[in-house]
Amino acid sequence: MSYARLQHGGPLRRAFVFLGLTLFVVWSAGPILWLLLTSVLQQKALIQQPPDLSLENFTLANFTAVIASAASLGRGIVNSLVVASFSTTVALAVGAPAAYALARLPVPRANGIAFLILATQMLPGIAIAIPLFIVISKLGLIDNVFSLGVVYLSFNLPIVVWILRGFFLGIPWGIEKAAAVDGAGIFATFWHVILPISWSPLVASAVFAFVEAWNEFFFALILTRQQAQTVPLVIAQFAGQYQTVFGQMMAAAVISVAPVILLAILFRNQIIRGFADGMMKG
Amino acid sequence: MIKTYEQRRRRAGLLFVAPGLILLVAILGFPIVDSLLLSLQRVQLTGGSVSQNWVGPENFQRLFADPVFWKAAVNTAYFSVMEVILVTLASLGVALLLNHPMGRSGLFRVLLIVPWAIAPVANAVLWKWILNANYGVLNAILKSLGVIEYNQVWLGTPFSALNFLLIVDVWKSVPFVALLMLAGLQRVPQSLYRAAYMDGAGPLQNFLYVTLPNMRGILAIAIILQTIWSLRVFDLVFVLTHGGPADATVILNFLAYRVTFNFLDLGYGSAIANIIFVLTFLLATIYVWLLWPRQPGGTR
């Protein structure tokens with residue numbers, strides 16, 4: 001057996017891989033295609049079994065109906081944008097220097113601190129949600145996008161620190177030494193030398209944090225009432241109220257997930273590499 | 001005073017780390033401590049004000065005598081164990097497929113990232129439609145294949161509802177874990193495979209003696225993350241079944257939520273939340289101890 005043959009396998013293994021890949025594509029793409037397809041079908045096509053996929057049943061009416069009827073969806077999208085942007089920005093501003101220090105500067109017990117930051121992710125949301133709910137109620141800040149955004153830092157900051165630390169650990173030391181020889185201070189080195197070469201992990205962690213915040217449901221359910229409701233809450237309510245208007249339900253779901261899915265597809269390589277680096281270099 | 005370069009680096013390090021740490025401690029420190037304290041109190045919400053009385057371990061005594069708690073514990077154990085096993089095996093399978101020269105197309109990566117980015121709530125809404133008893137596409141497909149004769153109410157019977165929750169969550173979880181594992185597979189040095197080839201190793205031996213040992217760390221991470229994630233599943237239960245039928249899909253996390261925010265029994269809810277926390281921590285410790293890559297000398 002040649003080495004190439006060992007890697008690629010014989011006809012039997014190739015057939016097996018092909019079958020596996022086909023199954024994988026059907027299994028992962030199927031539900032998503034069904035979501036897209038049924039969001040542009042009329043109700044009368046959907047309540048037939050099997051669904052009537054003839055061309056005249058395709059329509060954009062579900063989307064226009066959802067946009068027209070659910071004012072809460074528009075508000076939800078704005079709220080989600082504010083909450084996700086706020087918590088992502090703060091997480092990056094605070095997390096990037098912290099990640100750099102934990103990777104490169106002589107911080108006492110840097111590895112221990114990095115591990116503790118990751119360990120906070122083991123906390124079940126419900127455990128911190130109850131005390132947070134009591135405190136935020138007492139402060140009168142329930143149903144406020146910024147109190148929700150601050151709570152989201154509890155998971156966004158660790159994500160950012162982990163992804164960026166993984167990257168910073170892999171930068172060759174020579175770059176910082178050269179900067180020091182040229183007389184750059186530590187802040188200048190970080191700002192003018194390190195950050196400009198860290199674009200891709202910065203983007204990865206930002207997209208990651210943004211997606212997590214956009215999709216978060218549990219804290220939003222507990223900490224908002226109406227004014228600060230985010231998209232997932234609106235969708236959940238919508239699905240409860242209009243659970244027989246399938247096309248509109250799917251259209252609402254498509255609208256709510258489209259922005260982050262586009263982001264994720266656009267930056268998929270950075271996200272994957274960033275996350276894998278952060279996890280494996282710890 | 002003139003400081004040495006090393007001293008300046010040390011000071012900068014503290015300045016860089018401090019804001020992040022302070023922020024995390026400020027957001028999480030108090031809730032962690034308070035959650036423990038709350039579980040030892042009877043906390044009631046009446047008319048917008050909170051009344052708190054110390055009751056010692058009463059909440060925990062109640063907990064261990066509560067059949068609903070035990071039911072939720074059994075559901076959670078089943079759900080988490082199955083989820084971790086299924087997700088790990090399926091993800092490893094998908095990663096191996098995509099690491100094969102035929103699976104390197106960029107399209108597959110798109111397919112893997114999309115289920116991760118879909119909001120769990122939107123995902124639950126989508127599956128509620130797929131599983132719909134009257135018009136759902138699952139019934140349509142199975143009927144046309146002749147697997148079932150009549151439409152089934154998939155979320156209507158206890159056993160089936162819990163298993164469908166499991167399937168839906170596995171569907172959403174596999175892609176991201178597979179991506180992690182794929183990254184791990186691609187880091188196994190090619191020279192090891194060449195050396196194994198020189199020694200006459202076949203595909204199976206390659207997998208068992210080269211791939212798996214090198215994947216130990218990443219498998220550990222995947223299993224730990226999946227355990228943590230499976231214990232905090234909430235959105236899916238909330239949208240798909242709301243715990244029903246007959247509490248068959250009440251898992252501990254959902255029970256803690258229901259007790260706290262529907263029955264407004266905050267102390268009891270905190271007690272359940274602490275049980276989940278201890279459980280997560282113990283499991284993660286055990287996994288780290290068992291699966292973390294060992295150095296050749298046998299040290300850890």
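Helices here are DSSP runs of H or I at least four residues long, strands are E runs of at least two, and both are numbered from the N terminus. One thing to keep in mind: this is a predicted model, where local features need pLDDT of at least 70, side-chain atom pairs count only at pLDDT 80 or more, and totals for chains, interfaces and linings use all residues. Residues are numbered from 1 along each chain as its sequence is written, while chains are lettered from A and ligands numbered from 1 in the order in which they are written.

**Stop 1: B:V87**

Select B:V87, which sits in helix α3 of chain B. Buried or exposed is judged by counting other C-beta atoms within 10 Å of a residue's own, with C-beta atoms placed from the backbone: 20 or more is buried, 12 or fewer is exposed, and in between is partly exposed. B:V87 counts as buried because it has 28 C-beta neighbours inside 10 Å. Now show what it touches, where contact means C-beta atoms, placed from the backbone, within 7 Å. Not counting residues up to four places away in sequence, B:V87 touches B:V170, B:S173, B:V174, B:V177 and B:Q226.

**Stop 2: helix α12 of chain B**

Next, colour residues 252-262 of chain B, which are helix α12. Nine of its eleven residues are buried, including B:F254, B:Y257 and B:R258. What do the buried residues pack against? Highlight α7 (125-138) of chain A, plus α3 (67-99), α10 (216-231), α11 (235-240) and α13 of chain B. Just past the helix, B:L264 has a positive phi of about 50 degrees.

Zoom in on B:V259, in α12 of chain B. Its contacts, leaving aside neighbours within four places in sequence, are B:D265, B:Y268, B:G269 and B:I272.

**Stop 3: α12 against α13, chain B**

Axes are lines fitted to C-alpha atoms, for helices over the stretch in contact, and angles run from 0 to 180 degrees between N-to-C directions. So α12(B) is roughly antiparallel to α13(B); that label takes angles over 145 degrees, with under 35 roughly parallel, 65 to 115 roughly perpendicular and the rest oblique. Among the residues making the contact are B:L255 and B:V259 of α12(B), and B:I272 and B:I276 of α13(B).

Click B:I272 too: leaving aside neighbours within four places in sequence, its contacts include B:L63, B:F69 and B:L252.

**Stop 4: the core and the chain interface**

Zoom out. A nonpolar core is a set of buried Ala, Val, Leu, Ile, Met, Phe, Trp, Tyr and Cys residues joined through C-beta atoms within 7 Å. The largest has 172 residues, and B:I272 and A:A99 are among those with the most contacts inside it. Its largest share, 16 residues, comes from helix α8 (residues 145-169) of chain A.

Finally, show both chains: 81 residues of chain A are in contact with 82 residues of chain B. On the chain A side, the largest share, 13 residues, comes from helix α2 (residues 11-39).

How values were computed. Two residues are in contact if their C-beta atoms, placed from the backbone, lie within 7 Å.
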